[in-house]
Structure formats: C-alpha cells, structure tokens
Amino acid sequence: CQLCATEDAFAALRRDGQVLCWGEGAACDGSWVYQLLGEVLMLAASSSSFLAIAQDGLSAVTWGGRRDRAQLPQLHCRAQQVVATSHSFAVLQEDGQVLCWGRTCRPNLFLVLEEVSEL
C-alpha cells in the first residue's frame with residue numbers, strides 16, 4: 001500500500017492497484033482512476049493534486065486542484081519514479097528523460113538527464 005496527501009485529502013494505493021481517496025475538495029474523487037488506467041503502479045501528491053501512473057508505466061492522470069481531472073500524454077518510456085513539488089509533478093522514465101507538468105514547469109517539459117540514466 002502507498003499513501004499520499006494533499007493539503008486537504010488523502011489517496012491510498014491498494015495492493016490490487018485501485019486508488020482510494022478521502023478528505024475535502026476535488027482531490028477526493030479518485031474512483032474514476034481505475035476506469036481510465038486500470039491498475040495503478042505509483043502515486044504522488046502535490047499541495048492540491050494527485051498523480052497516478054498506470055501499471056504499464058506509460059499512462060498517467062492527475063486530479064484535484066484547478067484542473068480537476070486530466071489525462072496526461074502517453075509517456076515515451078516506462079516510469080521509474082514520480083515526485084512532486086507544491087504545484088508540479090516530475091516523472092523519471094527508464095531512458096533517463098524527466099517529464100514535468102504543473103505551474104513551475106512549461107507544459108510537457110522534457111529534460112534529458114544523462115547523469116540520471118547512468119545511476
């Protein structure tokens with residue numbers, strides 16, 4: 001089980017890959033995540049939103065905050081790690097690229113981090 005929190009809500013990733021949410025606001029509605037992604041591999045939370053990565057590591061959705069719900073563009077390579085700041089998410093892919101979404105990133109910012117891929 002994995003657990004994340006925004007300022008007003010919680011999300012838990014169950015062993016069966018489904019996401020449960022509770023708390024206040026739009027960030028609390030995670031029931032549709034399974035319909036879009038199927039089983040979820042990993043979760044992250046910013047101050048107002050959640051991000052879920054599908055079990056295949058290639059599909060992602062966000063919910064909560066200003067945009068409420070958004071399906072993100074297909075990842076180019078399987079996600080290895082996801083992290084968040086107060087208002088943004090970054091996904092490290094197996095090929096060393098980092099994709100960033102949110103207020104502190106340009107839309108769909110792609111960074112190639114050669115040093116990361118050598119770790």
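Q: Where does tryptophan 22 lie?
A: In strand 3, residues 19-23. Keep in mind that this is a predicted model.

Q: What nonpolar patch does it belong to?
A: One on the surface, formed by Leu3, Phe10, Leu20 and Trp22. Together they have about 400 Å² of accessible area.

Q: And which residue is the bridge partner of phenylalanine 10 in strand 3?
A: Tryptophan 22. Phenylalanine 10 and tryptophan 22 are also both members of that patch.

Q: How do strand 2 and strand 3 run, and how many bridges join them?
A: Antiparallel, with five bridges. Strand 2 covers residues 9-13. The two strands form a hairpin with five residues between them. Glycine 17 sits in the turn and has a positive phi of about 90°.

Q: Switching to charges. How many salt bridges?
A: One. Aspartate 16 pairs with arginine 14, and their closest N and O atoms are 2.3 Å apart.

Q: How accessible are aspartate 16 and arginine 14?
A: Aspartate 16 is partly exposed at 32%. Arginine 14 is partly exposed too, at 34%.

Q: Now confidence. What's the mean pLDDT of the chain?
A: It is 81, and 78% of the residues reach 70 or more.

Q: Which elements have the lowest and highest mean pLDDT?
A: Helix 2, residues 114-117, is lowest at 46. Strand 4, residues 40-45, is highest at 94.

Q: Where does pLDDT stay under 50?
A: Over residues 112-119. The model gives that stretch seven contacts beyond four places in sequence.

Note on methods. Residues numbered from 1 in each chain as written. Predicted model: local features only at pLDDT ≥ 70, side-chain atom pairs only at ≥ 80, totals over all residues. Heavy atoms only, no water. Patch = residues over 30% accessible without salt bridge, like charges linked within 9 Å, V, L, I, M, F, W, Y side chains within 5 Å. Areas by Shrake-Rupley, 256 points an atom, 1.4 Å probe, with all protein chains shown as cover. Salt bridge = Lys/Arg side-chain N within 4 Å of Asp/Glu carboxyl O. Helix = DSSP H or I, 4+ residues; strand = E, 2+ residues; numbered from the N terminus. pLDDT = per-residue confidence, 0-100. Contact = heavy atoms within 4.5 Å. Pairing = 2+ DSSP bridges. Buried < 20%, exposed > 50% of the residue type's maximum accessible area, 1.4 Å probe, protein only.
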